[in-house]
Amino acid sequence: MTQETLIVSVKGDRKTDPARALTETRWVRWILITVALLFIALFLLVPLAEVFTSALNKGFSYYFGAIREPDALSAVKLTLIAAFFSVWFNSAFGIVSAWAITKFSFPGKNLLITLIDLPFTVSPVVSGLVYVLLFGLQGLLGPWLQAHNLHIIFALPGIVLATIFVTFPFISRELIPLMQEQGSEEEEAAMVLGANGWQIFWRVTLPNIQWGLLYGVILCNARAMGEFGAVSVVSGHIRGLTNTLPLHVEILYNDYDFTAAFAVASLLTFLAVLTLIAKTLVGLKYEKERQVLPPRFESELP
């Protein structure tokens, strides 16, 4: 049966309006919207309200006291350090890998794409265990590291490495499809105009991918700050030294200090809300840039 036959068979004035024939009725739309809003309220707004309500259960003085506690401040500092190194490393790798994959053909290209996706397929706990088996005292490189007084597991380097691994694909996976859509015509035109490699990158490629890069950075930073599984394995749970914010929340909760646990968790919740807002704003700009990619090298290159 053809589409015209289906349209004609629709009763009422819909048979003369194909758009209305393919549109749900108003009551169906209202039901779907209501279900969606109830779902958001139940699984997003209610938990958010519960976190902040429980955090302020004993008043603002206890709330700020729990946040200013030395172990909590140490956890905040360690979380920011791990996120900082993860974002910078993955940004550099994401740009380089996306450039190589989208602009060149080389042996092992498909293998590189597969390796980028590897953290998506491996449990964070397993990835943390791999680092323990590699750098732990009984691991492959453990005796050599111990002989040279180098500490990776149960120390900052191990936490940074584990965080980098779990956030590895985010920026690359944002830039690769974007740069594939853009193609290489602008870079080739810039080369014809006499631009060198650095000029092409800074004045053509980077401006074209800036919003996609920022979008990936936001996702990478959010994942780094909220990582629990891999960091839990390599940290050793040393209070004031190797606990990030998620691990500190777990320790407080296991100690039955629920109010302090929710107070510290509210920091992560606040960061999550800010990340969601930033992600939405950047995502709108990102989609607009993907739809309209104006040439900019004619007026900028010498």
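Biologist: How many cavities of 30 Å³ or more does a search of the whole structure find?

Modeller: The search finds 2 cavities. This is a predicted model, in which local features need pLDDT of at least 70 and side-chain atom pairs count only at pLDDT 80 or more, while totals for chains, interfaces and linings use all residues. Residues are numbered from 1 along each chain as its sequence is written, and side-chain values use heavy atoms, with hydrogens and water left out.

Biologist: Why are these called cavities?

Modeller: Because each is a set of points, on a 1 Å grid over the protein atoms alone, where a 1.4 Å probe fits but cannot get out.

Biologist: What makes a residue part of the lining, and which residues line the largest cavity?

Modeller: A lining residue has an atom within 4 Å of a point. Thr-79, Ala-82, Thr-163, Ala-224, Met-225, Glu-227, Val-231, Thr-244 and Pro-246 line the largest cavity. Helix 5 (70-103) and helix 13 (197-226) each give two or more residues to this lining; helices here are DSSP runs of H or I, at least four residues, numbered from the N terminus.

Biologist: How do the residues of that lining divide by class?

Modeller: Into 5 nonpolar, 3 polar and 1 charged. Ala, Val, Leu, Ile, Met, Phe, Trp, Tyr, Cys and Pro count as nonpolar, Asp, Glu, Lys and Arg as charged, and the others, Gly among them, as polar. Around the second largest cavity there are no nonpolar, 3 polar and 3 charged residues. Its lining includes Gln-182, Glu-185 and Asn-208, and helix 12 (residues 185-192) supplies the largest share, 3 residues.

Biologist: What makes a set of residues a nonpolar core?

Modeller: The members are buried (under 20% relative accessible area, 1.4 Å probe, protein chains only); they are Ala, Val, Leu, Ile, Met, Phe, Trp, Tyr or Cys, joined through side-chain atoms within 4.5 Å. The largest such core has 22 residues, and Ile-171, Leu-175, Ile-209 and Leu-213 have the most contacts inside it. Helix 13 gives the most to this core, with 9 residues.

Biologist: Which residues does Leu-213 touch, leaving out those up to four places away in sequence?

Modeller: Leu-213 touches Ile-95, Ile-171, Leu-175 and Leu-206, a contact being heavy atoms within 4.5 Å. A second, separate core of 15 residues includes Tyr-131, Ile-152, Val-166 and Leu-247.

Key:
On a 1 Å grid over the protein atoms alone, a cavity is a set of points where a 1.4 Å probe fits but cannot get out, and a pocket is an open set with protein on both sides within 12 Å along at least five of seven lines; lining residues have an atom within 4 Å of a point. Grid points are joined across faces, edges and corners, and a volume is the space filled by probe spheres set on the points. Buried means under 20% relative accessible area, exposed over 50%, partly exposed in between (1.4 Å probe, protein chains only).
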